[in-house]
Amino acid sequence: MKFSLTTYRTGTEPQVGALLSDGTLVAPPELKRWRSMLDLLDQWPQVVGELAGLELADAQPVPEGELLAPVRWPRKVLCAGVNYSRHVREMGCEEPGEGWRPFFFLKPPTTSVIGPADPIVIRDAERARYDWEAELAVVIGTGGRDIPVGAALSHVAGYCVANDVSARGYHRREVAPAEPFRFDWLAAKGGDCSLPLGPGLTPAFWVPDPQALRLRLWVNGELQQDESTADMICGVDELVSAASSYVTLEPGDVIATGTPSGVGASRGLWLRHDDVVTVAIDGLGEISNRVVDADLVAKDALKTEGRTS
């Protein structure tokens with residue numbers, strides 16, 4: 001029975017569970033020995049065979065469970081840029097040629113990652129110009145350094161649905177002492193709540209070909225992105241190998257693999273307060289997050305306080 005591994009909460013303490021393909025959250029007793037998904041991933045090479053044979057037909061449902069990000073505290077979050085051919089063209093750029101090495105930037109792991117239904121909190125929205133980016137996220141199970149391309153997929157524990165929320169207005173600084181300081185990747189990509197992740201971690205043994213997955217993204221029910229991972233410039237194996245040549249990969253590291261065409265920036269569309277962004281990847285499930293403008297919420301709170309004081 002196909003499933004993804006989840007982190008969920010019914011009280012105060014998060015637990016490891018499983019999400020069935022029909023959306024039912026269950027709590028198999030075999031998963032209770034791990035306190036967190038990171039603990040499980042630290043033992044991935046030893047337990048992957050056991051997980052592949054997990055029988056869930058009689059597992060206890062958890063009707064009131066709240067799904068959290070599958071890996072709540074990744075050790076690292078690496079994001080690939082410029083990695084879908086059609087997206088490169090829609091942004092008015094030329095596709096990288098021969099000799100191209102994947103480009104990565106980092107997101108703060110404990111503040112950017114949120115769960116599959118958590119709010120995307122935005123600030124200074126008019127200037128920041130928040131955009132959506134549906135992405136396939138790779139979660140590392142077996143760490144390593146300088147991993148060959150041919151062995152890279154064996155280091156992958158599984159895959160998640162992700163949304164690389166980007167503040168396009170912060171990316172290029174108007175004032176900089178020199179051209180190398182013109183681009184501000186932290187401000188544009190590293191904000192709080194900028195990586196919704198979920199709904200679960202689908203083990204790699206359920207995903208025979210990560211380059212044959214359909215990604216879709218809707219804003220308020222309107223389809224914005226619809227593409228296959230086959231359009232990636234560098235496949236998952238190349239990305240994992242390249243990332244491991246820059247840094248040592250560790251269990252629980254997340255690699256976001258880039259976004260396809262259909263982002264808002266190419267059409268002057270931006271996320272607004274109360275928008276609902278839904279991202280789905282066939283076979284992996286979907287996440288849906290409401291946009292909350294913290295500035296508008298604060299203003300409304302002041303107005304309410306003024307009327308009641």
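What covers the buried residues of H2? The views below take up this helix, then a sheet and the whole chain, all in a predicted model.

**View 1. Helix H2 and its cover.** Helix H2 spans residues 44-52, and Trp44, Val47 and Leu51 are buried there. Down the helix axis, these buried residues fall within an arc of 80°, so they line one face of H2. An α-helix has 3.6 residues a turn, so residues three or four places apart point the same way. The cover over the buried residues includes strand S1 (3-9) and helix H1 (37-42). Strand S11 (156-163) and strand S13 (195-203) also belong to that cover. Gln46 and Gly49 are exposed on the other side of H2.

**View 2. An open sheet of 5 strands.** The strand order is S8-S18-S17-S14-S15, and the pairing is mixed. Strand S8 (120-122) and strand S15 (222-228) stand at the edges. Each has a single partner strand, so one side of each lacks a neighbour in the sheet. On average, neighbouring strands are turned by 20° against each other, direction ignored.

**View 3. The S14 and S17 pair.** Strand S14 (residues 214-219) runs antiparallel to strand S17 (residues 276-281), and 5 bridges join them. Arg216 has Ala280 of S17 as its bridge partner.

**View 4. The whole protein.** The protein has 8 helices and 18 strands. Its C-alpha trace spans about 65 × 55 × 35 Å along the principal axes. Buried residues make up 51% of the 309 residues. The accessible surface comes to about 14100 Å², and 52% of that belongs to carbon and sulfur atoms.

Terms used
Residues are numbered from 1 along each chain as its sequence is written. This is a predicted model: local features need pLDDT of at least 70, side-chain atom pairs count only at pLDDT 80 or more; totals for chains, interfaces and linings use all residues. Side-chain values use heavy atoms; hydrogens and water are left out. Two strands pair if DSSP finds at least two bridges between them. Helices (H or I, at least four residues) and strands (E, at least two) are DSSP runs, numbered from the N terminus. Axes are lines fitted to C-alpha atoms, for helices over the stretch in contact, and angles run from 0 to 180 degrees between N-to-C directions. Buried means under 20% relative accessible area, exposed over 50%, partly exposed in between (1.4 Å probe, protein chains only). The arc is that of the directions from the helix axis to the C-beta atoms. Contact means heavy atoms within 4.5 Å. Accessible areas come from the Shrake-Rupley method with a 1.4 Å probe; for residues, only the protein chains shown count as cover.
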